[in-house]
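Keep the picture open as you read.

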Amino acid sequence: WFPDKDSIISKRKINLLNILKLSKLRIMINLTPKPIPVRTSAPVTIFRDILSKSKQMVSEWGGQMYFVYLPAFQRYSTGNEHENRDFAMQTAIELDIPIIDIHKEVFDPHPDPFSLFPLKMTGGHYNAEGYKLVAETIEKRLEADGYVSIKSKK
């Protein structure tokens with residue numbers, strides 16, 4: 001297989017851009033840019049409106065909405081919470097939406113949180129064991145709140 005001309009040019013542009021931005025040097029001396037937390041009012045308002053309208057819609061058909069916090073791999077690889085976690089959790093609290101904190105319930109007590117990700121690496125998803133523990137945690141909470149009866153499934 002031989003790469004086409006456009007992909008070679010594209011790769012060279014990316015490499016040149018990385019050189020001009022001194023990307024590798026910035027990584028070596030820990031000067032990589034940090035994501036900017038949500039500070040503008042538009043995303044904050046939109047997020048709050050979506051949660052509020054969702055809660056209202058679920059309530060109209062007699063349901064109960066839960067806010068399930070699913071931590072990302074970076075939470076464990078860097079030791080830092082996501083920059084918008086507190087805002088999201090606080091918004092759910094203010095809207096009186098019950099929270100299921102998967103970090104607190106599953107990952108924090110787990111002896112090896114990395115083992116709940118595919119190949120103990122990032123990727124945006126959990127592995128089968130990770131999803132199993134998440135599902136069991138949600139099911140346990142729903143049963144405790146009287147919405148699901150685990151006994152009726154057996």
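## The largest core

Start with the largest nonpolar core, which has 13 residues; those touching the most other members are Ile 102, Val 106, Phe 107, Leu 116, Phe 117 and Tyr 126. Two helices, helix 6 (102-107) and helix 7 (128-144), each put at least two residues into this core. Another core lies apart from it, with 10 residues, including Leu 51, Val 58, Met 65 and Ile 97. Here's a handy bit of background: in soluble globular proteins, nonpolar side chains tend to be buried together.

## The overall layout

Bear in mind that this is a predicted model. The protein chain has 7 helices and 2 strands, and if you follow the chain from the N terminus, the elements go α-α-α-β-α-α-β-α-α. How much of the chain is buried? Of its 154 residues, 23% are buried.

Now look at contacts in the chain with a separation of 6 or more: 60% of them are between residues 24 or more positions apart.

## Phe 117 and its rings

Let's zoom in on Phe 117. Leaving out residues up to four places away in sequence, Phe 117 touches Pro 71, Ala 72, Phe 73, Tyr 76, Phe 107, His 125, Tyr 126 and Asn 127. Searching the whole structure turns up 10 aromatic pairs. Why is the pair of Phe 73 and Phe 117 called edge-to-face? Their ring centres are 5.1 Å apart and their planes sit at 85 degrees, and an angle over 60 counts as edge-to-face. This pair ties together distant parts of the chain, 44 residues apart: Phe 73 is in the loop between strand 1 (67-69) and helix 4 (74-77), while Phe 117 is in the loop between helix 6 and helix 7. Phe 73 and Phe 117 are both buried.

Phe 117 also pairs with Phe 107, and this pair is tilted, with 5.6 Å from centre to centre and 40 degrees between the planes.

The charged end of Arg 85 sits over the ring of Tyr 69, 4.6 Å from the ring's centre.

## Helix 7 from end to end

Next up is helix 7. With 17 residues at 1.5 Å a residue, helix 7 should span 24 Å, and this agrees with its end C-alpha atoms, which are 24 Å apart. Asn 127 caps the N-terminal end of helix 7, with a side-chain oxygen 3.2 Å from the backbone nitrogen of Glu 129. After helix 7 comes Gly 146, which has a positive phi, near 85 degrees.

Which residues of helix 7 are buried? They are Gly 130, Leu 133, Val 134, Thr 137 and Leu 142. These buried residues pack against strand 2 (99-101) and helix 6.

## A closer look at Ile 138

Ile 138 also lies in helix 7. Is Ile 138 buried or partly exposed? Its relative accessible area is 25%, so Ile 138 counts as partly exposed; the cut-off for buried is under 20%.

Setting aside neighbours within four places in sequence, Ile 138 is in contact with Val 68, Ile 100 and Ile 102. Ile 138 and Ile 100 are 38 residues apart along the chain, yet their C-alpha atoms are separated by 7.1 Å.

Key
Residues are numbered from 1 along each chain as its sequence is written. This is a predicted model: local features need pLDDT of at least 70, side-chain atom pairs count only at pLDDT 80 or more; totals for chains, interfaces and linings use all residues. Side-chain values use heavy atoms; hydrogens and water are left out. A nonpolar core is a set of buried Ala, Val, Leu, Ile, Met, Phe, Trp, Tyr and Cys residues joined through side-chain atoms within 4.5 Å. Buried means under 20% relative accessible area, exposed over 50%, partly exposed in between (1.4 Å probe, protein chains only). Helices (H or I, at least four residues) and strands (E, at least two) are DSSP runs, numbered from the N terminus. Contact means heavy atoms within 4.5 Å. The expected span of a helix is 1.5 Å times one less than its number of residues. A polar contact is a pair of N or O atoms within 3.5 Å; within protein, one must be able to donate a hydrogen and the other to accept it, and residues adjacent in sequence count only if both atoms are side-chain atoms. Rings of Phe, Tyr and Trp (its six-membered ring) pair if their centres lie within 6.5 Å; planes under 30 degrees apart count as stacked, over 60 as edge-to-face and the rest as tilted. A charge sits over a ring if NZ of Lys or CZ of Arg is within 6 Å of the ring centre and within 35 degrees of the ring normal.
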